[in-house]
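Student: I'd like to learn how to read a structure like this one. Could you walk me through it, feature by feature?

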Amino acid sequence: MTALRIAVANQKGGTGKTTLTVNLAAGFHRRGKTVLLDADPQGSARDWARIGGSDSDLPPLHEVAADEVRTRIAQFAAASRFVLVDCPPHLQSVALGQVLGAVDLVLIPVQPSPLDLWASIDMAVAVKDARSGNPRLRAYMVLNQLDSRNALSRSMHQALAEFEVSALENGLARRAAFRSAALEGGSVYRLGGRGKSAVSDVESIIKEVLSI
Ligand SMILES: Nc1ncnc2c1ncn2[C@@H]1O[C@H](COP(=O)(O)OP(=O)(O)OP(=O)(O)O)[C@@H](O)[C@H]1O
Ligand SMILES: [Mg+2]
C-alpha cells in the first residue's frame, strides 16, 4: 500500500492550514486508513485532537519534528491510504523543501483577498524549487473563509489568474461550524445538522483532489 501524501502549507500565518488539514483528514479517514502528521511545533492539531480524546472522529495523529518529517511521511505512507501533514507558518525554507519533496500534493489555503494571495508568493517559489527534485508534485491554492453570500471580487479573479499556482474550484466558506468543530475536538462530520454545509465544502474538496 502506498498513500496519497498531502501537505497543507503556507508561510503566512492564520490562513486555515490546521482547519483544512484536520477536516480533510477526517473526510479521508472515512474512505481509508489515514494518518495525520502535525509538523507544527505549536501543536494546534495535537491540541485539537486532545480535546476530542478517544471519542474524536479524527484519524491517529503523530507529532513530527522538522528534521524527521521526510522519513516519517515515507514511514506512514507505506502503511496507509492517506497521509496529511499540517505545516507550521514561517517554516524554514529547507524544512519546507523537505516536506514538498516528500508529498504528492500540496494544498495552500489562502483567504480570498489579493493581498493574502500575494503574501503567499513564497509558496509558489518553494513549489517551483521543489519540482526539481520532485517533478510530479502537484500544488493548488484552496480559498478559505469564502463569504457564501458574495462571489469573488474581480480583483481576486485577476490575481488568481496571474498567480503561478492555480486554485481548486472548491474552497471552504466562512462558517461557525469550522470553529465549533475545533472547540469540540472533532471534525465537522461529527456536528450532525450543524455541520452539514461545512461537510459539503470538505467533501467537494476531497472529490476534486481525488479526481485530479
Ligand atoms: N472556513 C472557516 N470558517 C470559520 N473560521 C475559520 C475557517 N478557517 C479557519 N477559521 C478560523 O481561523 C483561525 C485560523 O485558522 P487555522 O488555525 O486553521 O489557521 P492556520 O493557518 O493553521 O494558523 P497558523 O498559521 O497559526 O498555524 C482559527 O480560529 C479558525 O477556527
Ligand atoms: Mg495551524
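Tutor: We'll take the ligand site, then a few single residues. Keep in mind that this is a predicted model.

Student: Okay, the ligand. How many residues surround ligand 1, and which are the closest?

Tutor: A residue gets into the shell if one of its heavy atoms lies within 4 Å of the molecule. Here 17 residues surround ligand 1, and the closest are Gly14, Lys17, Thr18, Thr19 and Asn144. By class, that shell has nine polar, five charged and three nonpolar residues.

Student: Which helix gives the most to the shell around ligand 1?

Tutor: That's H1, with three residues. Helix H1 spans 17–29, and both H1 and helix H8 (176–184) supply at least two shell residues each.

Student: Which side chains have polar atoms close enough to ligand 1 to list as contacts?

Tutor: The idea is to look for pairs of N or O atoms within 3.5 Å. Arginine 179 has a side-chain N or O atom 3.1 Å from a nitrogen of ligand 1. For glutamine 145, a polar side-chain atom lies 3.3 Å from a ligand nitrogen. Glutamine 42 has a polar side-chain atom 3.5 Å from an oxygen of ligand 1. On its own, ligand 1 has 630 Å² of accessible area, and the protein covers 81% of that.

Student: And what about the space that ligand 1 takes?

Tutor: That space is the largest pocket.

Student: Now single residues. Is glutamine 11 buried or exposed?

Tutor: You compare the relative accessible area with a cut-off: buried means under 20%. Glutamine 11 has 15%, so this residue is buried. You'll find glutamine 11 in the loop between strand E1 (4–8) and H1, and its side chain reaches the backbone oxygen of leucine 91 at 2.8 Å.

Student: Why does aspartate 201 count as buried?

Tutor: Same test: because its relative accessibility is 10%, aspartate 201 falls on the buried side. This residue lies in helix H9 (residues 196–211). The side chain of aspartate 201 reaches the backbone nitrogen of alanine 173 at 3.0 Å.

Note on methods. Residues numbered from 1 in each chain as written. Chains lettered and ligands numbered in written order. Predicted model: local features only at pLDDT ≥ 70, side-chain atom pairs only at ≥ 80, totals over all residues. Heavy atoms only, no water. Polar contact = N/O pair within 3.5 Å; in protein donor to acceptor, adjacent residues only side chain to side chain. Areas by Shrake-Rupley, 256 points an atom, 1.4 Å probe, with all protein chains shown as cover. 1 Å grid on protein atoms, 1.4 Å probe; cavity = no way out; pocket = protein on both sides within 12 Å on 5 of 7 lines; lining within 4 Å. Sits in = over half its atoms within 2 Å of the grid points. Helix = DSSP H or I, 4+ residues; strand = E, 2+ residues; numbered from the N terminus. Nonpolar A, V, L, I, M, F, W, Y, C, P; charged D, E, K, R; others polar. Buried < 20%, exposed > 50% of the residue type's maximum accessible area, 1.4 Å probe, protein only.
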